Amino acid sequence: MTTPTLLVAGTASHVGKSTVAAGLCRLFADRGLSVAPFKAQNMSNNARAVATADGDGFGEIGVSQYVQARAARVAPTTDHNPVLLKPHGDGASQLVVHGRAVGLNSAGGYYATHWEDARNAAVESHRRLASAADVVVAEGAGSIAEINLHDRDLANIETARFADADILLAADIERGGVFASLLGTLELLPDDVRDRVVGAVITKFRGDPSLLEPGLDEIEERTGVPVLGVLPYDDPGLPEEDSLALPAEGERATVGDDDGVAAERAVTIGVPRLPRISNATDFGPLSETPGVRVAYLPLDATLDGIDGVVLPGSKNTVDDLFALRDARFGDELAAFDGPVVGICGGYQLLGETIENAHVEGSGDDETVEGLGRLPIVTRFSRDKRVEPVSVEFDGAGPLAGATGAVDGYEIHMGDSRIVGDATPVSGDGAALGSVAGTYIHDLFANDSPRNAFVDAVYESAGRERPATGAAGAAEADADAGASGDPSDRAAALVADNLDVAALCDALGLG
């Protein structure tokens, strides 16, 4: 019997495909099935370091497939996302195949030069996954009805065909026009792909589902496709796949201010909204900490009212450095005396200089000046470090007191060395005074460095952290995690509002 593949496709981007796929992965796994998540081609700068399918080292996959593998209770590998495009700016993306960077390409260059190889990689990965699983849960990308791309739509049309997949079509009602989106998408599909659609699901609904019944009945009558569920608006807490959840460049947004802590007892950590920001999921654990607000700042914003700063990772550190300099953010940071932490590219930004800057495709400059807050020099090379890390953390500066086992991952080009009076920090990092940097992504997902930094921010701000001390920190951590495992929440959302039995019948799962 051929292993069934379910493709969770969408009428548009950001309609809840990742949440539905993660929920189904956990739901099927909890029913005793061996589940393999899959996304043939992803575009995201939120990546994770995982084992390569050939077992020869580590590679990158999109964060959603990493999360879905964890939801499926399997070890994530590069087969779960064999093709990853990481936007680099100026219309170019870094192509990652089977976890390893291949090169920098424009969209036209990718389709002209690499698309056939990318498709072959996706077919190979799906074949390996299907041979070892009871069911493959695949996620599409964007809209499945992009008719200008139907001859090269790897994540949707091609996956449906080479995986012989059944399709569950997701549509977001919060965007408006959900019935038109469903009908129009089905009308625009190639006939052979249209025949694979076994059901639809409406996501992000607020209100009484019975109000939708006349529209659901008419959609089913017009298309013959059953609407298998209406999912209420709920955020299970899964990491965001891309920057769509962040404010647009030039806009400000604050998260974490719905924790019930009074504003006068809270602190605000500023994160500059870099044009090429990557791995923004690093800051989720901070915004989920009681009393902490994370404010994403336009580059020309002042740091008035900001109690601490975290500089995020960047897909193009040098160009983002130029953007910060043009917006005079460096002047703001130079005058800021609160705690500052840089993660990966943000750590590189804090240094004195970046050598071999042209390696990033950022012009002809060999050496550019950094923000000058740490006595480090970064030198780029074409080699890329991609690996999970587990260290006995030794913090300093605003991370002082952070000790013990810390798990995370590193994905970066370039290495940094201390050239002045700074204290080494784990992750090839450094600290001086109130400033620190490290290459370890997911740093704040670990209790010790997160609490050390939050304590430093509170102390600098002259406020008392809610529930202080070791017991209080544990209480805060418990509060932050009170909502439960996000994968379990996604599974419950799906199980309670989707006709999973009908879906299993369509897949032949019984």
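Okay, some ground rules. What we have is a predicted model, so local features need pLDDT of at least 70 and side-chain atom pairs count only at pLDDT 80 or more, while totals for chains, interfaces and linings use all residues. Residues are numbered from 1 along each chain as its sequence is written, and side-chain values use heavy atoms, leaving out hydrogens and water.

Let's begin with the annotation. Which residues does the UniProt "active site" annotation cover? The record, an unreviewed entry, gives Cys344 and His441; such annotations may be inferred rather than shown by experiment, and the positions are in the numbering used here, with feature names shortened. The two span 98 residues in sequence, but no two of their C-alpha atoms are more than 7.0 Å apart, so they gather at one spot.

Take Cys344 on its own. You'll find Cys344 in the loop between strand E19 (340-343) and helix H11 (345-349). By the way, helices (H or I, at least four residues) and strands (E, at least two) are DSSP runs, numbered from the N terminus. Cys344 is buried, at 6% relative accessible area. Buried means under 20%, exposed over 50%, and partly exposed in between, using a 1.4 Å probe and protein chains only. Leaving aside neighbours within four places in sequence, Cys344 is in contact with Ile411, His412, Thr438, Tyr439 and His441, where contact means heavy atoms within 4.5 Å.

Now its partner. His441 sits in the loop between strand E26 (435-438) and helix H12 (447-461). Is His441 buried or exposed? At 1% relative accessibility, His441 counts as buried. Apart from neighbours within four places in sequence, the contacts of His441 include Asn279, Asp282 and Cys344. The side chains of His441 and Asp282 are also joined by a polar contact of 2.8 Å. That term means a pair of N or O atoms within 3.5 Å; within protein, one must be able to donate a hydrogen and the other to accept it, and residues adjacent in sequence count only if both atoms are side-chain atoms.

Next, helix packing. Two packed helices are described by the angle between their axes and the distance between the axes. Axes are lines fitted to C-alpha atoms, for helices over the stretch in contact, with angles from 0 to 180 degrees between N-to-C directions. Helix H5 (residues 178-188) and helix H7 (residues 213-223) pack at about 10°, with axes 11 Å apart. That makes H5 roughly parallel to H7. The cut-offs: under 35 degrees is roughly parallel, over 145 roughly antiparallel, 65 to 115 roughly perpendicular, and the rest oblique.

For the second pair, the axes of helix H1 (residues 17-30) and helix H15 (residues 500-507) come within 13 Å and cross at roughly 80°. So H1 is roughly perpendicular to H15. Leu24, Leu27 and Phe28 of H1 meet Val500, Leu503, Cys504 and Leu507 of H15.

Last stop: backbone angles. Arg73 is not a glycine, but has a positive phi of about 65°. Arg73 is in the loop between helix H2 (63-71) and strand E6 (83-89), and at 52% relative accessibility counts as exposed. Asn356, also not a glycine, has a positive phi of about 55°. Asn356 lies in the loop between strand E20 (353-355) and strand E21 (367-369), and counts as buried at 17%.
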